[in-house]
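Good morning, colleagues. Please take a moment to look at the sequence and the structure, and then I shall go through the main features.

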Amino acid sequence: MKKFISLVLALVMALSLTTVAWGADVAKIGNTGYATLQAAVDAARDGETITLLSDIEYNSSNCGFTDGTWYDGVKYTGDKSFTIDLNGKTISDNGDLNDYLLNFINKGTKANEITLKNGTISGGANLWNVISVGSSSETYPTTFNLGGALTINADGSEVAPPPRPQKPRGW
């Protein structure tokens, strides 16, 4: 019986270490996996790289931030520089989000640098902005880098086009 219990415990421990291989995590920092990109962004330390492990499609039920009226894919407010390597993957929304797909704000106690690279970011028609980058301080800006092999799409199909200029009379 002791051998059986030891075998079961060993199996449980081994399985708990393989969640990334099973696809439960969508992002990682080093060898640590995270179930959401929001969790990885929150956990990232200054200078670290977050690597996506799968495509992410946000909707109003799995978004990183909501106040019940506005829905963001990822909302970060802090003072660290980091890279998100999309690793050939896509971050998108299904049309439910109505605020930001990615929203990065520097708290303003030091300059920060955020880099996105190697994948696709595709925002739906209802988004206010696909990517928003800001700083609460003129002294400490945020530098936003778009690295190699990055595509950003913004579907503005819900936004009315600007009026066409009218020809002056007499033309």
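Gly-33 lies in strand 2; strands here are DSSP runs of E with at least two residues, helices are runs of H or I with at least four residues, and both are numbered from the N terminus. Gly-33 is partly exposed, with a relative accessible area of 25%. On this scale buried means under 20% relative accessible area, exposed means over 50%, and partly exposed lies in between, using a 1.4 Å probe and protein chains only. The C-alpha atoms of Gly-33 and Leu-53 are separated by 9.0 Å, and the two residues are 20 apart along the chain.

Residues are numbered from 1 along each chain as its sequence is written, and side-chain values use heavy atoms, with hydrogens and water left out.

How confident is the predictor? pLDDT is its confidence in each residue, from 0 to 100. The chain averages a pLDDT of 79, and 77% of the residues score at least 70. Over residues 4-21 pLDDT stays under 50, and the model has 6 contacts beyond four places in sequence for them; a contact means heavy atoms within 4.5 Å. Residues 158-164 also stay under 50, with 2 contacts beyond four places in sequence. Where pLDDT is low, the predicted coordinates should not be read in detail.

Let me turn to the overall composition. The chain has 3 helices and 15 strands. Buried residues make up 34% of its 171 residues. Of the contacts in the chain with a separation of 6 or more, 75% are between residues 24 or more positions apart.

Next, the sheets. Two strands are said to pair if DSSP finds at least two bridges between them.

Another open sheet has 4 strands in the order 4-9-12-15, with parallel pairing. Its edge strands are strand 4 and strand 15 (150-154), each pairing on one side only. Here the twist averages 10° from one strand to the next. Strand 12 (residues 119-123) pairs with strand 15 in the parallel sense over 5 bridges, and Gly-119 stands opposite Leu-150 in strand 15.

Strand 7 is joined to strand 10 by 5 bridges, and the two run parallel.

We come now to the interior. A nonpolar core is a set of buried Ala, Val, Leu, Ile, Met, Phe, Trp, Tyr and Cys residues joined through side-chain atoms within 4.5 Å. In the largest such core, which has 29 residues, Leu-37, Ile-50, Ile-84 and Leu-101 touch the most other members. Among the elements that each supply at least two residues of this core are helix 3 (37-43), strand 3 (49-52) and strand 8 (82-85). Ile-50 stands opposite Ile-84 in strand 8. Beyond four places in sequence, the contacts of Ile-50 include Leu-37, Val-41 and Phe-82. Thr-51 is also in strand 3 and counts as buried, at 17% relative accessibility.

Finally, the charged pairs. A salt bridge is a side-chain nitrogen of Lys or Arg within 4 Å of a carboxyl oxygen of Asp or Glu, and by this rule the count comes to 2. Arg-45 pairs with Glu-48, the closest N and O atoms being 3.3 Å apart. Lys-110 pairs with Asp-46, the closest N and O atoms again being 3.3 Å apart. Lys-110 lies in the loop between strand 10 and strand 11, and Asp-46 in the loop between helix 3 and strand 3, so this pair ties together parts that are 64 residues apart in sequence.

Conventions. This is a predicted model: local features need pLDDT of at least 70, side-chain atom pairs count only at pLDDT 80 or more; totals for chains, interfaces and linings use all residues. pLDDT is the predictor's confidence in each residue, from 0 to 100. Axes are lines fitted to C-alpha atoms, for helices over the stretch in contact, and angles run from 0 to 180 degrees between N-to-C directions.
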